[in-house]
Amino acid sequence: MKHQILSAIAAIVLFASCSKTASDTTMSSDVIVPSSSVPSSIVSGFTADNSKASELEWRKGTDDKFKVHFNADDKRVESKLDDNGRTTASRVVSDKAVPKAVLDAFAANFPGETVYEWKHRSDGTWRAHFNRSGVKWEATFSASGTLLKAEKSA
């Protein structure tokens, strides 16, 4: 009986430690905004420092700070910006620049959703990782922007 109780307790602890909560998942609370709603001082400050940036996607966080995702130097980058458009933090969200056709296809198929990571796969397809109502999703696109598959990720 003692072994059964210890086994049950161990199983409960194991399952509890493996369960995911909303705080365990990557959650993006950014909202994609049109460039026309970004103050001109932020846009001009950013473009002055990032003349090679293309395929800009402006975002606004819950803290009312702006971020921008863009292609530069054959990468997809996210930059957090100050009130003058200067980068305060930056990270690579894909090791390849995401084609405009793929970005447009994602926006058309998943309006209002925000990608937190892009992956360029060895078969030439692109996979978008995003959250929808607290659930992680993946959508796979061809290089020309055709949606091939969308599914909840494990």
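This is a predicted model: local features need pLDDT of at least 70, side-chain atom pairs count only at pLDDT 80 or more; totals for chains, interfaces and linings use all residues.
1. Four strands form an open sheet in the order S6-S7-S8-S9, and their pairing is antiparallel. Strand S6 (115-120) and strand S9 (147-152) are the edge strands, each of which pairs on one side only. On average, and with direction ignored, neighbouring strands of this sheet are turned by 20° against each other.

2. The pairing of S8 and S9. Strand S8, which covers residues 135-141, runs antiparallel to S9 and is joined to it by 5 bridges. Within this part of the model, glutamate 138 stands opposite glutamate 151 in S9.

3. Phenylalanine 46 and tryptophan 58. A search of the whole structure finds 8 aromatic pairs. Phenylalanine 46 and tryptophan 58 form an edge-to-face aromatic pair, with 5.7 Å centre to centre and 75° between the planes. Because phenylalanine 46 lies in helix H2 (residues 40-49) and tryptophan 58 in strand S2 (residues 54-60), the pair ties together parts that are 12 residues apart in sequence. Both phenylalanine 46 and tryptophan 58 are buried.

4. Phenylalanine 46 and phenylalanine 70. The ring centres of these two residues are 5.0 Å apart and their planes lie at 70°, so the pair is edge-to-face. Since phenylalanine 46 belongs to helix H2 and phenylalanine 70 to strand S3 (residues 66-72), this pair ties together parts that are 24 residues apart in sequence. Phenylalanine 70 is buried, as is phenylalanine 46.

5. Further ring contacts. One aromatic cluster is formed by Phe106, Phe110, Trp118, Phe130 and Phe141. Arginine 132 lies over the face of tryptophan 137, at 5.3 Å from the ring centre.

Methods
Residues are numbered from 1 along each chain as its sequence is written. Side-chain values use heavy atoms; hydrogens and water are left out. Two strands pair if DSSP finds at least two bridges between them. Helices (H or I, at least four residues) and strands (E, at least two) are DSSP runs, numbered from the N terminus. Axes are lines fitted to C-alpha atoms, for helices over the stretch in contact, and angles run from 0 to 180 degrees between N-to-C directions. Rings of Phe, Tyr and Trp (its six-membered ring) pair if their centres lie within 6.5 Å; planes under 30 degrees apart count as stacked, over 60 as edge-to-face and the rest as tilted. Buried means under 20% relative accessible area, exposed over 50%, partly exposed in between (1.4 Å probe, protein chains only). A charge sits over a ring if NZ of Lys or CZ of Arg is within 6 Å of the ring centre and within 35 degrees of the ring normal.
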